[in-house]
Amino acid sequence: MSKNVFVICEQRSGILQPVSFELLGEASSLAKDLNQRVVAVLLGDNIASHAEELIHYGADEVIVVDNPTLKEYLTEPYAKAITAVIKAKDAEIVLFGATSIGRDLAPRISARIKTGLTADCTGLNIDPDTKLLMMTRPAFGGNLMAVIRCKDHRPQMATVRPGVMQPMEKDTERTGSVENFEVALSEADKTVELLEVIPKSKTVADITQAKCLISGGRGLGKAENFKILRELAEVLDAEVSASRAAVDAGWIDKERQVGQTGKTVRPELYLACGISGAIQHVAGMENANLVIAINKSETAPIFGVSDLGVVGDLHVIVPKLREAIIKAKSAGIDYKAPSVEQYVGLENVLYHVQNGIAYLTINRPNQLNALNRKTLTEIGSVADKLMNDESVKVLIVRGAGGRAFVAGADIKEMQELTPEEGKELSAFAQQVFSKLKALPQIVIAAINGYALGGGNELAMACDIRVASSRAKFGQPEVNLGLIPGFTGTQRLSRLVGDGDSKRMIFTTEMLSAEEALRIGLVNVVVPPEGLMRTTRDMALKIMSKSMISVKLAKRSINEGLPLEFQQGLLVENDCWTKCFEESGDGKEGMTAFVEKRQAKFS
Amino acid sequence: MKIIVCIKQVPDTNEVTIDPDTNTLVRTGIPVIINPDDKSGIEAALTLRGKIPGSTVTVVSMGPPQAEMALREALSMGCDDAVLISGRQFGGSDTLATSTIIAAALKKIGFDLIFTGRQAIDGDTAQVGPQIAEHLGIPQVSYVEEITPETDSLVVLRQFEDRYHRLRVKLPCLLTAIKDLAEPRFMTVEGIVDADEKQIRIMDYEALSDVLDPKTIGLKGSPTNVVRSFTKEPKSQGAVLKGLTADEAVDAIMARLHESHLV
Ligand SMILES: Cc1cc2nc3c(=O)[nH]c(=O)nc-3n(C[C@H](O)[C@H](O)[C@H](O)COP(=O)(O)OP(=O)(O)OC[C@H]3O[C@@H](n4cnc5c(N)ncnc54)[C@H](O)[C@@H]3O)c2cc1C
Ligand SMILES: Cc1cc2nc3c(=O)[nH]c(=O)nc-3n(C[C@H](O)[C@H](O)[C@H](O)COP(=O)(O)OP(=O)(O)OC[C@H]3O[C@@H](n4cnc5c(N)ncnc54)[C@H](O)[C@@H]3O)c2cc1C
């Protein structure tokens, strides 16, 4: 039977390409869902020394085809070698980068093996029921997304768009096996004669790797005007990119084009200047962390995908912006604050803050993030820290490793507990989860996989739950002779009602994300690849409002919920009143509304 | 030299819009065109014909009877003859099945050099060209930007992201054309008149049945299928500030950059 997820690793001139690491990251999560292994296939001349690195990035096995014929990419020798590997190993899934090499090679191989091939995918996941690979890809110039499967033919093959998947953290402790695979290749396999390799204009920067991009479109008017973008890029340590209109006009190199037929980028900052925001352009930049657009037309579609839009003339604003940045830098203000601040002293959770959003990641992926006492303690200490941290507005809680949010409590730790110890553990967990619920920040759970037992209870302790379509929910305690004891019986019944909570707890049946959405256990379900983006967008949307009001509303709902209706109204009345006090935002918000301007909330 | 150009009739995706109520593609009333890369292929083929005496250019398209329009346009640009591969048994083919059918037809038609476009703007897979080459057992060179003919072979410039290859490839072979290969000429009045007089050869399932395994074509013969499709959810919108002075605009941007620790 066919098995394992194969990644065809791309190297150019002996250098592994970033897309190879991205594919290994994605393959790892697919392989986990299938309970299979990740096999990296590495082809080239004198290339074996790179095998270790592929293991560090997620490969369980590396198959090396080392042959002088494979020195520079040519279709036939590569197709022959890979076909031999796929056939010998009976692969279940084979992934290629959707680069100009991958898209030349993969269709040739698919026609040789006579199996299906899905092009230029931006999302992959395993259907939980059929175990088939579901491949999501854009078509019709990015206007349509299609989900494609290959039911009866093996392997299931796809090319995957570079820049879309996430590589794993490099782990030099990871181990795996390396196999040298012999393929009889000779000069005769070269069906074309390579006369010359001509490097493209030497110093073209790789815009997919840039942290910040300053991007220009037709609105720049002429090639010379790219100068002001280059000058701005210099002070921001950014690269310059462009829309296709600017590239087609010959103002800038094609290597810098963003979009459907250009590069897909996901920088920290994408500053779009004089770009209208056509769907083919947006397809390449919508995953940027922060999008700011400058456009003179109020109706430009780019504003629809921007975190901040400014209606105005780029020729005036861009030079001024550069001056402001230089000034800010020379004023000695410490603007170079690290974007990621690690909270030390934690082992089982990761904690960092970025742009006012804190991320709490339950980090025991090998135990499916099961909650033990130490993990609960660390969640508690993060909550304590946040209680007084005004700089953080939203907390996102998530699980590490792609498979589970939190798959339950640590059973081994609970096996030998006396009744007194059991009572104490439940009280402790209840206290930690109640602390989380009572935080002044808005707490969003991003649920990527299993949320079982204590995991479902942790998710319910958050204010809002966003789930990946592959998430699963359940309260399996009665299988173990227990009942939910980390707030589960109380919260679940209040959240989904009497009948559904009892059905979940009594039958221990696992719910799909769709079913969880239907009964109100989660609030949004998104494709797996959109989980963090949707969650972050939701956080940013909340943060663009009056945070004082948002927090008061949270308090009113939280405190009112366990009360009688009439008493709840008193809480509401109290919180509402605070909006009108000096410290409230009501005055500014309503004045701005009347004056038809953007409110400046404190 | 017998030159073939495979052309696909496609909706002009520039004009495709989304119905905001149903969130689906509006397909009716969208103009259809010859796939842009294929037009570069036609132009390159016509240029080669000019350089190599005794050459002919045949355009081939698989599709519904309406695809005849695309073939007529190609004839009007100056191509010598046209073949329409059409039959309901071919409907619903994925790229593997499509390439199997086109390759079967090409075996019957004969060829020395085949052009396809790199990528069709509707299906957007860029797979059909290399797959045809594999079925025919001939070498392929994709992303071709320049062609110089030699006796029995071509020297071509092939584009990658970071480099070019200059390659010599023996005939018969298949090249996939990109926009940079050639700027297509317009139809001429004479061309249109000539084209009207030309017959378009139709190849249906019967015509190919001796070389086609029915299990490898159409919806049933396609390994991949589209399970569902949807239009993309737009990213949520942030604030749009208007009526600001340039200085206020700069302040607003600086505040945002500062907040994100980018300055
Ligand atoms: C199959 C296909 C693939 C494509 N692939 C891509 C792709 O990969 N990438 C891509 O970018 N496009 C792609 N396109 C093209 C895309 O549809 C648009 O035509 C293109 O993105 C438009 O570029 P633009 O925004 O720079 O120009 P325009 O749409 O002309 O927009 C210019 C903008 O500048 C603004 N402006 C003018 N003057 C000023 C000023 N002084 N100050 C501020 N603003 C000003 C205008 O208001 C306008 O919004 C593709 C199209 C097709 C059909
Ligand atoms: C939303 C959607 C997604 C799809 N995704 C996939 C997928 O991932 N994998 C898959 O196998 N199929 C897929 N298909 C099916 C595929 O689009 C069809 O098989 C189509 O007929 C050929 O693919 P293409 O348009 O991508 O052509 P491409 O492979 O992009 O075309 C390249 C070149 O081949 C030639 N060519 C292609 N079709 C014809 C033709 N009919 N007649 C003459 N020459 C032609 C042209 O020269 C063209 O420029 C998808 C279909 C849809 C609607």
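Author: Around ligand 2, at least two shell residues come from each of β7 (117-121), β9 (133-139) and β10 (144-150) of chain A, and likewise from each of β6 (56-62), α3 (95-109) and β8 (113-117) of chain B; helices (H or I, at least four residues) and strands (E, at least two) are DSSP runs, numbered from the N terminus. This is a predicted model, in which local features need pLDDT of at least 70 and side-chain atom pairs count only at pLDDT 80 or more, while totals for chains, interfaces and linings use all residues. Residues are numbered from 1 along each chain as its sequence is written, chains are lettered from A and ligands numbered from 1 in the order in which they are written, and side-chain values use heavy atoms, with hydrogens and water left out.

Reader: Which residues come nearest to ligand 2?

Author: A residue is near a molecule or strand if one of its heavy atoms lies within 4 Å of it. Of the 33 residues around ligand 2, the nearest are Lys8(B), Asp38(B), Thr95(B), Ala120(B) and Thr125(B); because chains A and B both contribute residues, the site is shared between chains.

Reader: Which polar backbone atom lies 2.7 Å from an oxygen atom of ligand 2?

Author: A polar contact with a ligand is a pair of N or O atoms within 3.5 Å. That backbone atom belongs to Ala120(B), and an N or O atom in the side chain of Asn35(B) lies 3.1 Å from a ligand 2 oxygen. Taken alone, ligand 2 exposes 940 Å², of which the protein buries 91%, by the Shrake-Rupley method with a 1.4 Å probe.

Key
A polar contact is a pair of N or O atoms within 3.5 Å; within protein, one must be able to donate a hydrogen and the other to accept it, and residues adjacent in sequence count only if both atoms are side-chain atoms.
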